[in-house]
Amino acid sequence: GKGGYDHYMLKEIYEQPTALRQTIRGRTDPLKQRVDLEELPPGTFSGIESVHLVAMGTSYHAAMYAQSLLTDRGINAQAYLSGEYGSNPPPVDDRTLVVAVSQSGETADTLSAIRAIQGTGARTLALTNVVGSTVTRECENTVYIRAGPEIGVAATKSFSSQVATLILLCERLSHATNGATPRSTSDLFDSLAVLPDDVQQILDESEAQAVASAYHDCESYFFLGRGVGHAVALEGALKFKEITYDHAEGFSAAELKHGPLALVTEDTPVFAVFTGRDDTKTVHNVKEVRARNAPVVAVTDGNHTGATEYADHVLSIPDTHRDVAGILANVQLQLVSYLAADMLSRSIDKPRNLAKSVTVE
Ligand code: M6R
């Protein structure tokens, strides 16, 4: 059941500290600064030179997040919408790892993307929540995100656990891949260890209620960010439109001046996600939307960015490694979407026209 919560979505948002503990448990060796993904035999990634991530919806946003992390580690990586990848597969060979990211493991678009590259020599890996799901049978190897069952149509805890698992996978790949940029990982491992507590702190102290109260009557919302913050901006907008039925659009903050700015008015709240990459540029974007009188909600740890100065509302996240910051920022946006949809009396767990698992293309 819903365990005392009004909706499965809220229950699953609040389950995130527990889900993340399950995701991470036993998979890091903080002393050796190594990742231990027991499902993957030694040598799984030997010879891999590039990574394709295929997924849809929220899982695609997790894939974009991982693209940013891998690129940062000097590894060629590209996230694809699996529905596009299956129709028009790019060149792959035995040095390509194709990672299918799917909570359910049953998404038809993602299964057909994997089928499209069978026989090419490309290596395949499923990253899923559901033990024994179809994607695990189509791929050579599987890593489970261990988030526990997710009932709400809106993906919440599965995104956090996907990203946490992808961070571990990126670390493993970066150790295995020749030419990966050597980097210090101690801060990352420390941040992962306290991630469940950091999420709990947000759940206990979030200012999302004030934000949802102030803005749930608007008709259009924008979400912007850079790097992993771009993926979080897209995910924030997807969640918002999916359950409030209001128009919400996410884009890279770098895109603002190339089109979206034309739509920004005093009636379009703008959520700016700060995750520690080029925050100064994003502050500049915030000033641009403020000049058009748009209400600004900054999601930020408040450090060194100047972000809070120009915001009408601040959704705070604990100070953490920038690879992890997007998970925390996303939890704040989940709460805003949920609370706004609840104020609008929407059908939160079963939004109109949508199914939990999309098994046709
Ligand atoms: O089960 P999957 O992760 O493959 O599902 C992919 C999408 O259908 C899914 O993430 C969808 O976008 C969610 N309803 C978003 O909340």
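This is a predicted model: local features need pLDDT of at least 70, side-chain atom pairs count only at pLDDT 80 or more; totals for chains, interfaces and linings use all residues.
Residues are numbered from 1 along each chain as its sequence is written, and side-chain values use heavy atoms, with hydrogens and water left out.

Strand β8 covers residues 220-225, and strands here are DSSP runs of E with at least two residues, helices being runs of H or I with at least four, numbered from the N terminus. Strand β8 pairs with β9, residues 247-252, in the parallel sense over six bridges, where pairing requires that DSSP finds at least two bridges between the strands. Within that pair, S220 stands opposite H247 in β9.

I turn now to helix α3, residues 57-72, whose 16 residues should span 22 Å at 1.5 Å a residue, and whose end C-alpha atoms are 23 Å apart, which agrees; the expected span is 1.5 Å times one less than the number of residues. Twelve of the 16 residues of α3 are buried, so the helix is largely enclosed by the rest of the structure. Among the elements that cover these buried residues are β3 (50-55), β4 (76-81), α7 (157-176) and α12 (322-343), contact meaning heavy atoms within 4.5 Å. Just after α3, G74 takes a positive phi of about 80 degrees.

How do α3 and α12 cross? Their axes come within 11 Å and cross at roughly 170 degrees, axes being lines fitted to C-alpha atoms over the stretch in contact, with angles from 0 to 180 degrees between N-to-C directions. That makes α3 roughly antiparallel to α12, a description used for angles over 145 degrees. On the α3 side, Y65, L69 and D72 meet R322, D323, V324, A325, G326 and I327 in α12.

Finally, S160 is found in helix α7 and is buried, with a relative accessible area of 1%. Not counting residues up to four places away in sequence, S160 touches Q16, L20, I327, V331 and Q334.

Key
Buried means under 20% relative accessible area, exposed over 50%, partly exposed in between (1.4 Å probe, protein chains only). Angles under 35 degrees count as roughly parallel, over 145 as roughly antiparallel, 65 to 115 as roughly perpendicular and the rest as oblique.
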